[in-house]
Amino acid sequence: MKKNTIKCLSSLCLLMAFQANAAWLEVTGKAPILESDSTARINALEDATYQAMLYSGADIASFNHIRPYLATEKEEYQFSGNSIRHVMVLKQQKKSGNMYVTARIDVYPSANSCHKNQYKKGILLGEFDLISPQHASMGSIYQIGDDFTSLLQRQIQRKSQSFVVSGVTQVPIRPGQPTVMTMLAEDNDAQYIVNGQITDLTSTLDQKFIRDDQVNRQFAATLQVIDGKTGDILFQNNYREIAEWPFAKTSQVDTKSARFWQSTYGQAVQRISRNMMLDLETALSCRTSLPEVVNVHNNTVQINAGRIHGVNRGDQLQLWHSAGFIDPMGIARNRMVQTDITLTVERIYEKSTELSVDQANLANSIQPGDLLTKQIDR
């Protein structure tokens with residue numbers, strides 16, 4: 001065993017041991033108890049597993065593959081073909097309305113994970129609208145759409161291994177207008193457009209707690225991902241959580257306050273934003289990142305990816321010519337043709353990079369709109 005360390009992060013304490021390229025971590029996950037102890041146990045165990053993967057650098061895109069198995073209540077879980085190989089539940093306890101689950105988790109991070117072989121892909125985030133504003137009347141949380149958009153933006157910026165947020169737009173996202181969507185993505189250097197809607201904020205009185213007048217409230221939302229190059233819808237999903245609403249019915253709740261986000265309801269909303277980010281990782285992390293040529297001057301080429309996307313000095317990229325055309329039906333057909341031209345990263349900025357053309361005699365054939373792919377060392 002090479003190294004043992006103890007690391008505490010907020011409510012989580014991780015006891016870590018490293019051997020070769022593997023690590024085992026002792027992690028405590030936390031989840032509020034609402035529907036049942038078993039549901040709270042599942043959420044706490046998921047929380048512990050996710051934190052272990054995130055901290056160890058494992059591929060979080062594979063987290064969704066093991067989540068269904070964690071829903072089965074047992075003491076040990078074994079997996080193959082995943083960064084997580086073994087989960088052993090060591091302790092489970094209830095305290096102050098929360099469930100705490102401590103587990104030993106064996107992690108085997110892979111050097112061949114997609115996020116390690118690709119640059120981060122740009123996402124343009126659209127505003128999450130309230131489908132039924134009247135649902136927000138209790139607590140006057142009419143700004144929850146804006147605040148949830150900001151929450152998802154922070155979730156992606158801080159936790160995502162495969163994406164960066166290129167911007168947040170108030171322009172309506174209309175999948176039925178693919179040409180407009182591709183122009184919007186191009187204007188924001190985004191490979192994907194992500195948006196959704198908040199569909200349900202209704203509340204119910206829990207009969208089991210009638211004396212305490214406990215109110216449970218829904219939070220349901222949709223998510224859709226649009227390809228910024230074609231305007232096609234790539235992914236859609238629905239999300240729903242129910243949690244205790246701990247505020248007085250007549251109060252006005254500030255959805256920007258720590259009091260709201262640290263409440264049981266605020267934690268449930270945060271869990272949905274995390275699940276959205278994880279679904280993006282699962283669905284899109286292995287899709288090729290496609291930096292685009294934005295300027296050519298002699299033997300120097302500038303692209304719209306930089307330091308925040310993970311570009312490093314000395315990286316080598318392959319050039320693809322854009323050869324799109326309009327078919328006889330008037331439909332735009334995107335087509336890319338691989339070339340023998342390679343480029344090397346020379347100078348890196350925050351959101352752009354300058355490269356030199358390795359075959360200087362072919363530099364004149366490069367034009368704005370051409371795409372590049374990162375060459376992977378084998």
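Me: At roughly what angle do the axes of helix α1 and helix α2 cross?
Reply: Keep in mind that this is a predicted model. Helix α1 covers residues 37-56 and helix α2 covers residues 63-70. Their axes come within 10 Å, and the crossing angle is roughly 150°.

Me: Is α1 roughly parallel or antiparallel to α2?
Reply: Angles over 145 degrees count as roughly antiparallel. The axes cross at roughly 150°, so α1 relative to α2 is roughly antiparallel.

Me: Is the crossing of α1 and α2 left-handed or right-handed?
Reply: Two packed helices are described by the angle between their axes and the distance between the axes. Handedness is a further label here, and for α1 and α2 the crossing is right-handed.

Me: Which residues in α2 do the α1 residues meet?
Reply: On the α1 side, the contact uses I42, L45, E46, T49, Y50 and M53. The residues of this contact divide into seven nonpolar, one polar and two charged. Their partners in α2 are F63, I66, R67 and L70.

Me: How many of the residues of strand β7 are buried?
Reply: In a regular strand the side chains alternate between the two faces of the sheet. On one side of β7, K121, I123 and L125 are buried, and on the other G122, L124 and G126 are too. For residues 121-126, the count buried is six of six.

Me: Which residue in β10 is the bridge partner of L124?
Reply: β7 pairs with strand β9 in the parallel sense over six bridges, with K121 opposite F163. β7 also pairs with β10 in the parallel sense, over three bridges. There, the partner of L124 is I193.

Terms used:
Residues are numbered from 1 along each chain as its sequence is written. This is a predicted model: local features need pLDDT of at least 70, side-chain atom pairs count only at pLDDT 80 or more; totals for chains, interfaces and linings use all residues. Side-chain values use heavy atoms; hydrogens and water are left out. Axes are lines fitted to C-alpha atoms, for helices over the stretch in contact, and angles run from 0 to 180 degrees between N-to-C directions. Helices (H or I, at least four residues) and strands (E, at least two) are DSSP runs, numbered from the N terminus. Angles under 35 degrees count as roughly parallel, over 145 as roughly antiparallel, 65 to 115 as roughly perpendicular and the rest as oblique. A crossing is left-handed if the near helix is turned anticlockwise from the far one by less than a right angle, and right-handed if clockwise. Contact means heavy atoms within 4.5 Å. Ala, Val, Leu, Ile, Met, Phe, Trp, Tyr, Cys and Pro count as nonpolar, Asp, Glu, Lys and Arg as charged, and the others, Gly among them, as polar. Buried means under 20% relative accessible area, exposed over 50%, partly exposed in between (1.4 Å probe, protein chains only). Two strands pair if DSSP finds at least two bridges between them.
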